[in-house]
Amino acid sequence: MAATSRGTTPVPPESRPRLTVLSGPSGVGKSTVVAHMRKEHPEVWLSVSATTRKPRPGERHGVQYFFVSDDEMDKLIANGELLEWAEFAGNRYGTPRGAVMERLEAGEPVLLEIDLQGARLVRESMPEAQLVFLAPPSWEELVRRLTGRGTEPPEVIERRLAAAKIELAAESEFDVTLVNTSVEDVARELLALMDVV
Ligand code: ADP
Ligand code: 5GP
């Protein structure tokens with residue numbers, strides 16, 4: 001078993017799920033790991049979520065997220081266009097259903113980077129999905145990363161850390177935990193779990 005993973009049960013290749021969900025507390029390094037993985041393997045398809053959160057500097061519509069208004073989010077939900085959605089730290093986030101289903105029907109591996117509530121909803125609707133939890137090496141390191149990123153004001157950091165306590169307590173609901181000590185190691189392990197390499 002790889003040094004950074006725990007709770008891994010080997011799954012035979014023929015029964016590997018094609019939908020992988022990556023979750024973990026805000027600031028643990030999900031986006032960093034996924035970006036690193038896709039730099040070397042651009043063929044890995046990542047679902048782009050819709051969100052009511054405002055873009056951070058450098059974020060672009062249609063790349064990191066589809067940035068939508070509250071009304072637009074209401075419509076996406078009412079029209080059944082989201083596979084799952086959740087409210088996280090004061091904003092709503094959801095996975096567009098159509099693009100995910102197209103990829104899955106084509107037999108391609110699909111990656112969702114979503115919060116704990118979303119992961120639970122996917123587990124209910126798609127029990128074959130593989131749920132991966134990204135954990136920090138320690139609580140102190142998580143606080144350091146979230147604060148050090150410098151993208152949220154103190155009160156938002158507090159909300160995200162409160163959510164992080166809940167998310168960390170749910171680790172056992174996931175199929176696999178990867179501890180984000182090294183971005184390179186975690187990206188490699190995630191690719192292996194997705195059966196890409
Ligand atoms: P998330 O997407 O989970 O909210 P980010 O990918 O934005 O988290 O990472 C939060 C911060 O932690 C960023 O500043 C990033 O550079 C840093 N980071 C991510 N992974 C590591 C790591 N393995 N070691 C040190 N810093 C990391
Ligand atoms: P951030 O604002 O830091 O980009 O994301 C905040 C949280 O929302 C993260 O835990 C991220 O994984 C989650 N998230 C992003 N997109 C979605 C989504 O489509 N659905 C759900 N449920 N959570 C999402």
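I started with Val63 and found it in the loop between strand S4 (49–51) and strand S5 (65–67). Helices (H or I, at least four residues) and strands (E, at least two) are DSSP runs here, numbered from the N terminus.

This is a predicted model, where local features need pLDDT of at least 70, side-chain atom pairs count only at pLDDT 80 or more, and totals for chains, interfaces and linings use all residues. Residues are numbered from 1 along each chain as its sequence is written, chains are lettered from A and ligands numbered from 1 in the order in which they are written, and side-chain values use heavy atoms, leaving out hydrogens and water.

Val63 came up partly exposed, at 40% relative accessible area (buried is under 20%, exposed over 50%, partly exposed in between; 1.4 Å probe, protein chains only). I also checked Val63 against Ser125: 62 residues apart in sequence, 26 Å apart C-alpha to C-alpha.

Next, the UniProt record. Its unreviewed entry lists Gly24, Pro25, Ser26, Gly27, Val28, Gly29, Lys30 and Ser31 under "binding site"; such positions are in the numbering used here, feature names are shortened, and annotations may be inferred rather than shown by experiment.

I then looked at two glycines from that list. Gly24 sits in the loop between strand S2 (19–23) and helix H1 (30–40) and is buried, with 4% relative accessible area. Leaving aside residues up to four places away in sequence, Gly24 touches Lys30, Phe133, Leu134 and Glu167 (contact means heavy atoms within 4.5 Å).

Gly27 is in the loop between S2 and H1 too, and I noted it as buried at 14%.
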